[in-house]
Amino acid sequence: MRDIAVFSGTAHPDLAAEICAHLDVPLHPVRVSRFANDCLEVQLQANCRERDVFLIQPLVPPVQEHLVELLLMIDAARGASAGRITVVLPHYAYARSDKKDAPRISIGGRLVADLLTSAGAHRVLAMTLHSPQVHGFFSVPVDHLHALRELATHFKGYDLSNAVVVSPDLGNAKEAAAFARMLGTPVAAGAKQRFSDDRVQISTVIGDVADRDVIVLDDEIAKGSTVIELISHLRERQVRSIRLACTHGLFSSGALERLSAQDGVLEIVCTNTVPIPSEKRVPKLEVLSVAPALAEAMRRIHNGESVSALFG
C-alpha cells in the first residue's frame, strides 16, 4: 500500500471531513450524478491505484439511496485498481434485520453484507452494530467499534454516587453492563416485548431503580417508542432523574421533541454517527463526536496495528 485515500458519499460528509482532519489527510471529492432514468453514477475524483482506500458512508435515510451510492463507490474503487477497499460504516441500518422471527421474511442484514462484499469491499469498519451476530454476516474482516468510551467520558462529569444504568431490553443488557462497569454503577433492564416497529410493551424493570439517577442506554433511538414506554415504568418506580444515551440518534417522526418533553428527562446524549440537522435539535440534546475513534481505527488498519487494543 502506498498511501491512504479517503472518500465520502453524500450521507454524512461532515463526519468524513472531521475524520480526515484527525488523520491529517485530504477528503477526496466524489461526483454523484443521476441519469434521466433515475440511475445513479459515481466517480471517485482522485487516484486510487494501489492505494489504501477508505469509503465513509453511514446507511441513514434515505437508506436505499445511500446504500446504492456506497455500492457504486466500492465498484468504482475496485475498477480503479485500489490496493485495498475498507468500508467505514458508522451506522449499519440493516443490522436490525438480523433474524427470521416470522415466516417468509428477508434477513436484510446478511443480504446487504453480501452485497458490500460482492461489490468489492475487502474489510468493514463498523460502529455499534445492533446485535453481535451481525458481525458474522460479513465474509470479510470486520472491525467493530463501540461508543461506550465516549459516552462514559461524558457521564463521568456527573455525580454518579446514586446512578444506575438501565437497558431498555434484555438484548442490550450485556452492553449496558459493560457501560455500568465503566461508570462504576449498578445495572438494570426492562423486560420488553415488541409487537410492531412502533409498538412495544415493557412488563417490568428488573433491578433496583427507585430513588436513583437513571442513565438509559440503547444502541439507537429511532421513533423512541421503547424509551417512552420505559420512562413510564421508571416514573412509577419514582426515580430521581432520567438521562438518555445512545450511539445512533436517528430520532425520526419527532422523537426528539417527544423525548425531551417527558417529565424527569434531563438530557439526551448521542454520537454523530448519524447526521442530526440543526432544525431537529433541542436544548436537552448533547451530540458527542466519534470521529477521533474512527480516525484512530482507520490509522491502525492502514498501519497494520491492532484495533482491539483501542478497547484495552
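Predicted model: local features only at pLDDT ≥ 70, side-chain atom pairs only at ≥ 80, totals over all residues.
Student: Which residues of helix 5 are buried, and why do they line one face of the helix?

Tutor: The buried ones are Glu175, Ala176, Phe179, Ala180 and Leu183. Looking down the axis of helix 5, these buried residues line one face because they fall within an arc of 140°.

Student: Is Arg243 buried or exposed?

Tutor: Arg243 sits in strand 13, residues 241-249. Buried means under 20% relative accessible area. Arg243 has 18%, so this residue is buried.

Student: With which side chain does the side chain of Arg243 make a polar contact?

Tutor: Setting aside neighbours within four places in sequence, Arg243 is in contact with several residues, among them Phe155, Tyr158, Leu266 and Glu267. The polar contact, at 3.2 Å, joins the side chain of Arg243 to that of Glu267.

Student: How far does helix 8 reach from its first C-alpha to its last?

Tutor: Helix 8 runs over residues 291-303, which is 13 residues. Its buried residues include Leu294, Met298 and Ile301, and Gly304, with a positive phi near 70°, follows the helix. At 1.5 Å a residue, 18 Å is expected, and the reach of helix 8 is close to that, at 18 Å.

Key
Residues numbered from 1 in each chain as written. Heavy atoms only, no water. Buried < 20%, exposed > 50% of the residue type's maximum accessible area, 1.4 Å probe, protein only. Helix = DSSP H or I, 4+ residues; strand = E, 2+ residues; numbered from the N terminus. Arc of directions from axis to C-beta. Polar contact = N/O pair within 3.5 Å; in protein donor to acceptor, adjacent residues only side chain to side chain. Contact = heavy atoms within 4.5 Å. Expected span 1.5 Å × (residues − 1).
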